[in-house]
Amino acid sequence: MKASRKTFSKSTNDYLIRPLLRQRDTGELCDVEFKLNGRKLHAHRAIIALWSPYFLSMFTCDMREKNTREVDLSASLSLENDDVLGRVLDFMYTGSIVITTDNVVDVIVISDFFLMDDLKEYCKQFLLDFGNLDLTNCLRVRFLADDHNMPEVAVAAQQIIESRFHDYLIHHEEVLDLPAHCLLRLLQIPTVVQHTSYIELKKAVEHWVDHDKSSRQQYQTCLMDSVKSWISDFANEASYLGRELRRSLEGADAVVAFQVDKNVNSNMNLIDSTPAISNELTSPDKTECPVLFSVVCNQGLKFMKILLYNLTLQKWFHFPLSGDRLLQYVPVRQTVCNLLVHEARLYMYLCHSFPYPTDMLKINILVVDLITGQPSLFSFRTIDNYNPCYRTTLTNFSNRSPCHEDCTSEGHAYGYQLVTATEDSIYLLNNQQPYMTSLYEISEKFPCAMAHIPPPIDNISVVAHGNIPLSVLQPLVACNRYDEAYANALHVTLQPSDGETDDSASCCDVKESDNDDYEYDDDIYDYDFNYDIDGLDF
């Protein structure tokens, strides 16, 4: 076969990239050499300047490095693993890099120093979009993002810290590794310390100092002054003043704390040491206490739990009924959709997230006696005379409780808001992202929303207001620590899987259907719904 014109080509990777990488290994024809703590890395100025505006200016302007072969980065870069610099240089040749939880901090430091915004964007996606910002690194990432101009990452880390500082982070060893200026910044942020008592803050500072007493003793006075400032400011009535610090102002914690600490200003007028909440609970005519009932139900993880939030004490409590026992009463494919409290009983309306056609003919209600702790399941058979969906199956719509409200943009696995009302207040429970929960009270009594202690668990299904007898409430065990095990298990199931792709930062765009709420498939179960309605006994 004759052809008067034919184009022959080789792969760019085989023809250009691999030979250049071989030259880097041997140093042949390389015109720049990077030094980092005794290590030497060869490269080509043209390639480096193509990716890094920092080195482009260095190699083209009248700087000393323009006419020298060696560039010493030892004084400019402080890395945990010096090998990461070589991987970033490889990225400049190949356009591909593997970011892990072990090297992401060093990649951020290098990309910011080299002014490589695209690589920094990959690190942001790795932390936020792929679920690698969590309780184990939020403190560190918070200050790292500030130092390296990553505001979105800093905001996300700050939200985790505000939600979980009082019941997890303050007890975690990561706090001990913070430098003094970072710990001081944390203690000066009101939304961070608002749910933590004076005594807990004082113990945290002492623990931090004892971790390296020889070098940290000099910072103890400054840190303690920051903690005491929240107690001494009696005129502060801001909305962020949390319950624990308010109790200190009322005297519940302040008396004990100030007796221990002799350096507190002696002219401060403390309020009566007997807290008003104790009088309210022990009053003879007080037989019930207002609480928020919350239920976490996850059939996929076989997890169910009932929590109570005492609105008087502002503390969370476990209800003594195991999740395994509760799940025995919940039918397959059903979850808690709504909640109602009436006459010392908890009524949970069960619904199907992905219903079969026959599931639509029955209503199930799980009832828990709050006094005896005995669960019961009540089933009611029903029928819908208007049945255009009987020959179809609902496939992509998850039933949501009427108290749910969207509070974030589409595409998030969490992103909802629970709402419940009392006689004079509205309570909003937000669960925007993993490890980020908040509880606020909106009332005419306050000039703005009042922050309450967040629930010690993620992904609460429903919440409702009600009253509970004091005899039931008194023996309950308080929830003082965050349920990390459930959060991690839930977080893993919601993480997207990222396979090997040509572009490590690209995400697949899923085309949305014209109907965002419902999509009906053909009936694949072959059920016969030609019932004789007149013959059914209801």
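**Close-up 1. The open sheet β7-β8-β9-β10.** In this predicted model, four strands form an open sheet in the order β7-β8-β9-β10, and their pairing is antiparallel. The edges of the sheet are β7, spanning 334-342, and β10, spanning 375-381, each of which pairs on one side only. Between neighbouring strands of the sheet the average turn is 25 degrees, with direction ignored. Strands of a sheet pair through backbone hydrogen bonds, either parallel or antiparallel.

**Close-up 2. The pairing of β7 with β8.** The antiparallel strands β7 and β8, the latter covering residues 345-352, are joined by eight bridges. Within this pairing, Thr335 has Cys351 of β8 as its bridge partner.

**Close-up 3. Asn298 in strand β4.** Asn298 belongs to strand β4, which comprises residues 288-298. Because its relative accessibility is 15%, and the limit for a buried residue is under 20%, Asn298 counts as buried. A polar atom of the Asn298 side chain lies 3.0 Å from the backbone nitrogen of Leu301. When residues up to four places away in sequence are not counted, Asn298 touches Phe303, Tyr486 and Leu490.

**Close-up 4. Cys289 in strand β4.** Cys289 is also placed in strand β4, and with a relative accessibility of 0% this cysteine counts as buried. Although Cys289 and Thr312 are 23 residues apart along the chain, their C-alpha atoms are separated by 7.5 Å.

**Close-up 5. Cysteines Cys61 and Cys448.** Cys61 has a relative accessible area of 39% and is therefore partly exposed, while Cys448, at 37% relative accessibility, likewise counts as partly exposed. A disulfide is a covalent bond between the sulfur atoms of two cysteines.

**Close-up 6. Thr68 in the loop between α3 and β3.** Thr68 is located in the loop that lies between α3, residues 53-60, and β3, residues 70-72. With a relative accessible area of 25%, Thr68 is partly exposed. The side chain of Thr68 reaches the backbone oxygen of Glu70 at 3.4 Å. The C-alpha atoms of Thr68 and Val32 are separated by 8.0 Å, the two residues being 36 residues apart along the chain.

Key
Residues numbered from 1 in each chain as written. Predicted model: local features only at pLDDT ≥ 70, side-chain atom pairs only at ≥ 80, totals over all residues. Heavy atoms only, no water. Helix = DSSP H or I, 4+ residues; strand = E, 2+ residues; numbered from the N terminus. Buried < 20%, exposed > 50% of the residue type's maximum accessible area, 1.4 Å probe, protein only. Polar contact = N/O pair within 3.5 Å; in protein donor to acceptor, adjacent residues only side chain to side chain. Contact = heavy atoms within 4.5 Å. Pairing = 2+ DSSP bridges. Axes fitted to C-alpha atoms, helices over the stretch in contact; angles between N-to-C directions.
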